[in-house]
Amino acid sequence: MEGRLANSWRLTVNDKNFIKTALLSEIRIDGRKPFEFRKISIKFGREDGSSEVQLGQTRVMGMVTAQLVQPYRDRPKEGILSIFTEFSPMADPSFEPGRPGELAVELGRIVDRGLRESRAVDTESLCILAGKFVWAIRIDLHILDNGGNLVDAANIAALAALLTFRRPECSLGGEDGQEVIVHPPEIREPLPLTVHHLPIAISFGFFSNESILVIDPTHNEEAVMGGRMTTTVNANGDICAIQKSGGEGVPRRVIMQCLQLATSKAASITKQIKDAVEVFNTERALRKIKRHPTSTGNDVREKQN
Amino acid sequence: MEVDREDGRSQNQLRPLACSRNILHRAHGSASWSQGDTKVLAAVYGPKAGTKKNENPEKACIEVIWKPKTGQIGKPEKEYEMILKRTLESVCILTVNPNTTTSIIVQVVNDDGALLPSAINAACMALVDAGIPMKHLAVAICCCVAKSGYVILDPTKLEEQKMKAFAYLVFPNSVHSVLPEGSLRVEGEPIENGIITSVTHVDDYFYCLERGRAASVKLSDFLRRNLQQQSTDSSKAG
């Protein structure tokens, strides 16, 4: 295990000084301006509820699955939403397999809070039989490549996966109406989830010299920055969550500035997510109509990609 | 005997293959392999200093981490890890970098049948992308035997469930002769470590082996073309 420490990646002093000095003239090492987001690309897999988001060099995969379970005792009429974050060792040489570390748990909490506290996903529509059967939605976030700002990318992946997920339709049956019959997708069309709004997480990095602020830090900037803050806002201007985890102190006016910036960015990101989901839904509908053998179907898909 | 497969393929036809290398930025080597709808992503980090406790320090060590699409890591994942590890250990030249560990991380993106052979192919391409010294490429293929006795290659998940037995076969890639005749010769024995069979008759197994070997020639051509194409692309910095 000591061998692993010897393999950990460290930024050199020269690199750190270069990043800090460049920021004094509002230049970032990848050529962006301080308040510019990296390019976001959202792709979907073959199945419903699987998304892959690329934010610059950061890559995150989201998978949504659902299961029928008993609800919690104190909430018999609500479905269950749970988020599992996997910091895969392929993302970064310092990520270890096994139990999630502090960063993974924090990321999971931020995404979870954004969705749950703001009631973005309607959990009451997931109830089939109060007190007995509800749908438990499980979101698995796999971090594939750590290029910095994992929270934002993971959040977008979770939202994209939730928007394209379809749960099987079920109805009550049996002698006393207490049994739940789950219909397979070939017989009855599966239903999408009810998502009221999209909470977008936007992260900021603070640097110690002259309170410099950047949006969407890369992993080089993350190694240099003095503090970070993640704000979750939606396109309507509602603040869903704020997380500032340690690091240096930040004055009030800077926090207000961050919130304003976040709200303006959230609108464009929400539009991007919705456009990508539209394209996927159209493709999905077309696939349902064409009943070609798989080999022809694949050609169609490759051309569209 | 003629067989009707659901997607219109013949008995010996493989699904469309797609492969891309160098897709991740932090990993030393990465590859994505898809056979039809089955898609697997593999990343390689290495060689790193030191070996684990029970491993031989005179040789390089290979560590495999299998990540399923969803759910906890259980016994099937550990089994896949062990099979992949043994297969890749027989393919890599372990004496070049002694006392080092190479980690291979396999992530299942979608499972539609023939998952383990796709993973072996993806891991092999990722190792090539990372520049880990290997004796030859590993070409993996899945053959199944149905209850009525016919053998099909590269099943989908639905087909797999109806089969009586399946064999995952790993072959070294075909050798192109350097001599002017330029004939293709398939050399060597299949690597025993990559074979898993369920209850099957010996004759069926040898039949599978023949079919698999023939198909592996096609697969290794595909691999070779893919590797040659990308190596002539402009090099990426960093």
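Modeller: In chain B, Tyr45(B) stands opposite Ser103(B) in strand 5. This is a predicted model, in which local features need pLDDT of at least 70 and side-chain atom pairs pLDDT 80 or more, while totals use all residues. Residues are numbered from 1 along each chain as its sequence is written, and chains are lettered from A in the order in which they are written.

Colleague: How do you know that strand 3 of chain B pairs with strand 5 of chain B?

Modeller: Two strands pair if DSSP finds at least two bridges between them. Strands are DSSP runs of E, at least two residues, and helices are runs of H or I, at least four, numbered from the N terminus. Nine bridges join strand 3 (38–49) to strand 5 (100–110) of chain B, so they pair, and they run antiparallel.

Colleague: What makes strand 1 and strand 4 of chain B edge strands?

Modeller: The open sheet of chain B has the order 1-2-3-5-4, with mixed pairing. Strand 1 (17–21) and strand 4 (61–67) of chain B each pair on one side only.

Colleague: How much of chain A is buried?

Modeller: Buried means under 20% relative accessible area, with a 1.4 Å probe and protein chains only. Buried residues make up 47% of the 305 residues in chain A.

Terms used: Heavy atoms only, no water. Buried < 20%, exposed > 50% of the residue type's maximum accessible area, 1.4 Å probe, protein only.
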